[in-house]
Amino acid sequence: MRQEAHRQWLIMTGQTQTQVATRVPTESEKKLAMKKANETFSPMPQQAVYAMLGLLDLKPGQLVYDLGCGDGRILKTANQVYSCSVLGIEINPNTYKLAVENLQDCVGWRVINADATKYNLEEADVVTLYMYPDVMDKMRFSTLKPGASVISYNHDIPNLPTDKVTCELEGKTYTFYIHKKK
Ligand SMILES: C[S@@+](CC[C@H](N)C(=O)[O-])C[C@H]1O[C@@H](n2cnc3c(N)ncnc32)[C@H](O)[C@@H]1O
């Protein structure tokens with residue numbers, strides 16, 4: 001158990017086993033590392049992930065992008081439940097490492113540690129997002145191919161026509177905004 005906690009700490013702080021072999025992190029260092037990693041990372045509940053992907057008519061082999069993929073949970077579910085190829089872009093290096101770790105048992109995945117606003121989206125069949133509108137507003141949705149879908153959890157997508165859809169799952173209501181590129 002202690003070993004697992006230590007391994008998680010290494011991932012969060014971006015260190016390798018070799019780099020910390022001579023010193024055990026203090027409690028305040030551990031807290032700071034966790035705080036940093038969590039500052040921008042608030043994952044979707046897994047039930048919301050199931051609800052989100054269930055709203056899309058996903059087919060095996062389709063390419064799903066998650067912009068700001070966090071720990072990769074949307075990608076993992078799209079890959080393992082719907083047999084989609086998946087690509088995540090995550091700006092936070094510590095959170096990126098969690099996604100890489102989380103996707104190890106998937107086939108057909110890639111995660112990039114970068115700013116998603118810098119990437120064209122023309123290869124995506126589906127783009128998923130859970131982030132604030134001011135960041136979504138900078139994404140390159142104009143590069144989407146016709147027929148591609150964009151789905152956002154909780155926040156409407158600025159400057160794109162969307163349908164608001166709510167899903168009830170096990171007593172909880174989840175809200176999504178869906179755009180279909182014409
Ligand atoms: C609310 S979390 C959602 C994570 C994941 N998609 C989920 O649903 O569980 C938003 C994520 O977007 C990342 N993020 C914010 N701005 C970004 C950007 N410009 N490019 C890539 N990732 C970004 C944050 O680091 C964070 O991990």
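Visitor: How many bridges join strand S6 to strand S7?
Guide: This is a predicted model, where local features need pLDDT of at least 70, side-chain atom pairs count only at pLDDT 80 or more, and totals for chains, interfaces and linings use all residues. Residues are numbered from 1 along each chain as its sequence is written. Strands (E, at least two residues) and helices (H or I, at least four) are DSSP runs numbered from the N terminus, and two strands pair if DSSP finds at least two bridges between them. S6 (residues 163-169) and S7 (residues 172-180) run antiparallel, and the number of bridges joining them is 7.

Visitor: Which residue in the turn of the S6 and S7 hairpin has a positive phi?
Guide: In S7, Lys-172 is the bridge partner of Leu-169. The hairpin has 2 residues between its strands, and the one with a positive phi, of about 45 degrees, is Glu-170.

Visitor: What is the count of buried residues in S6?
Guide: A residue is buried if 20 or more other C-beta atoms, placed from the backbone, lie within 10 Å of its own, exposed if 12 or fewer, and partly exposed in between. S6 has 7 residues and is hardly covered; the count is 0.

Visitor: Why is H4 largely enclosed by the rest of the structure?
Guide: The buried residues of H4 (73-82) include Arg-73, Lys-76 and Asn-79. H4 is largely enclosed because the buried residues among its 10 number 7.

Visitor: Which helix supplies at least two residues of the shell around the ligand?
Guide: By class, the shell has 11 nonpolar, 7 polar and 4 charged residues. Strand S2 (85-90) supplies at least two, and so does helix H4.

Note on methods
Ala, Val, Leu, Ile, Met, Phe, Trp, Tyr, Cys and Pro count as nonpolar, Asp, Glu, Lys and Arg as charged, and the others, Gly among them, as polar.
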